[in-house]
Amino acid sequence: MKVVVTAQGRDLDSLVDPRFGRARCFLLFDTDTGQSTAHDNVQNLNAPQGAGIQAAQTVVQLEAEAVLTGHVGPKAFATLQAGRVVIHPGATGTVRQALEELRSGRLQPAARHSSEDDHSQRLAGRNE
Amino acid sequence: MKIAIASGKGGTGKTTVATSLAWVAAADDRTVAYLDCDVEEPNGHLFLKPQILREEPINKPIPVVDQGRCTYCGLCSQACRYGAIACVGQQTLIFTELCHACGGCSLVCPENAIREVPKPIGHLRTGASGPVQFVEGVLNVGEAMSPPAIRAVKGAAPNVELTILDCPPGTSCPVIESVRGCDLLLLVTEPTPFGLHDLKLAVEMARALRLRFGVVVNRADVGDREVWDYCRRQRIAILAEIPDDRAVAEAYSRGEMAAESVPHVAERIRGLLETIQSGARV
């Protein structure tokens, strides 16, 4: 199974980046082969808006079946769902630790986006 | 002539200058229109107190995908500068709250699968304040994209000798939309570090857009002299200076125009109008 982990660096010992859309890097990990590749997210890091949506599109294009990250907003969540990607928010520690949490079943998929406060999401988009 | 009034920093006196300029020009027997382009929080009406004669909805065209014709090629998603379209698997998702209604997606779609449908985003109000013709846009609460509403305000501008566009603060899309196509841009600033910082951003914007512009220093006797030093170094014309006066704040709090209530401000605004009309080099 192919899994994307949002990461602050380019290897398995980097910390998980809690932000999805504006994650520093996407680490694509193949649980069958143990191989990983790093995919920069520079373009979305500086995007004025829509970073989550575009990041979700990247994850779908990488053909990942699951994504491990800290927090996924409503638009990115809808996009990942449309691409049939299983979303595991709440990942912490290093990428390696997050993958282990997934393997052991401690990191559960979310049924809905982790944004409690839709109002703050709207305010965040106001100035663009 | 179309004069846009912008600032970078908020609260420097755009509406004070814009309403006063409209009022002074109208008193001078010119046909004048005041357009409130700050559709997220229009406040010119508080001072001009217009009689609203017509109110109509503002719609923005929103793309809708015909999933039967869509081949999921992703060209619309690549074309969208606002990241409002995602093409994933067998679905094309459109996030209308991010859409600027530019129409690019429907232009690039090779299958003709995107059509645009109107979505109400606010109201256009037109009327008159004495001799000043008045237009304002009011964006619905919760609506994030103001440029389509600003386009509606500018589209409703009457044909007059002098059009004053009261712009939103900042230097982002709403301001660009407001100032685009103006004959002269007035950047209202205050002589403080914050005022200067945001003035520099506004100057960069004006230069990028190749607009004729000049500076109005409001509350000119507070703060420091950095704004003057900067304008001299950059060869930017300071077209007017309005002194700090408690009477202006008092008039403002009563909803009166500065030029209407404070004679020396009216004098400065008249001077500004003359400077502009004499074709000052800016």
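User: A salt bridge is a side-chain nitrogen of Lys or Arg within 4 Å of a carboxyl oxygen of Asp or Glu. What is the count between chain A and chain B?

Analyst: This is a predicted model, where local features need pLDDT of at least 70, side-chain atom pairs count only at pLDDT 80 or more, and totals for chains, interfaces and linings use all residues. Residues are numbered from 1 along each chain as its sequence is written, chains are lettered from A and ligands numbered from 1 in the order written, and side-chain values use heavy atoms, without hydrogens or water. Between chain A and chain B, the number of salt bridges is zero.

User: How many residue pairs are in polar contact across the interface of chain A and chain B?

Analyst: A polar contact is a pair of N or O atoms within 3.5 Å; within protein, one must be able to donate a hydrogen and the other to accept it, and residues adjacent in sequence count only if both atoms are side-chain atoms. Both residues of a pair must be at pLDDT 80 or more here. Across this interface, the number of such pairs is six.

User: Which elements give two or more residues to the side of chain A that touches chain B?

Analyst: Contact means heavy atoms within 4.5 Å. Chain A brings 16 residues to it, and chain B brings 22 residues. Helices are DSSP runs (H or I, at least four residues), as are strands (E, at least two), numbered from the N terminus. On chain A, the elements are helix 2 (51-61) and helix 3 (74-82).

User: Why do the buried residues of helix 4 of chain A line one face?

Analyst: Buried means under 20% relative accessible area with a 1.4 Å probe, protein chains only. In helix 4 (residues 95-103) of chain A, this holds for A:Val95, A:Ala98, A:Leu99 and A:Leu102. An α-helix has 3.6 residues a turn, so residues three or four places apart point the same way. The buried residues line one face because, by the directions from the helix axis to the C-beta atoms, they fall within an arc of 100°.

User: Is B:Arg235 buried or exposed?

Analyst: B:Arg235 sits in the loop between helix 8 (226-233) and strand 11 (238-242) of chain B. Its phi is positive, about 55°, although it is not a glycine. Exposed means over 50% relative accessible area. At 78%, B:Arg235 is exposed.
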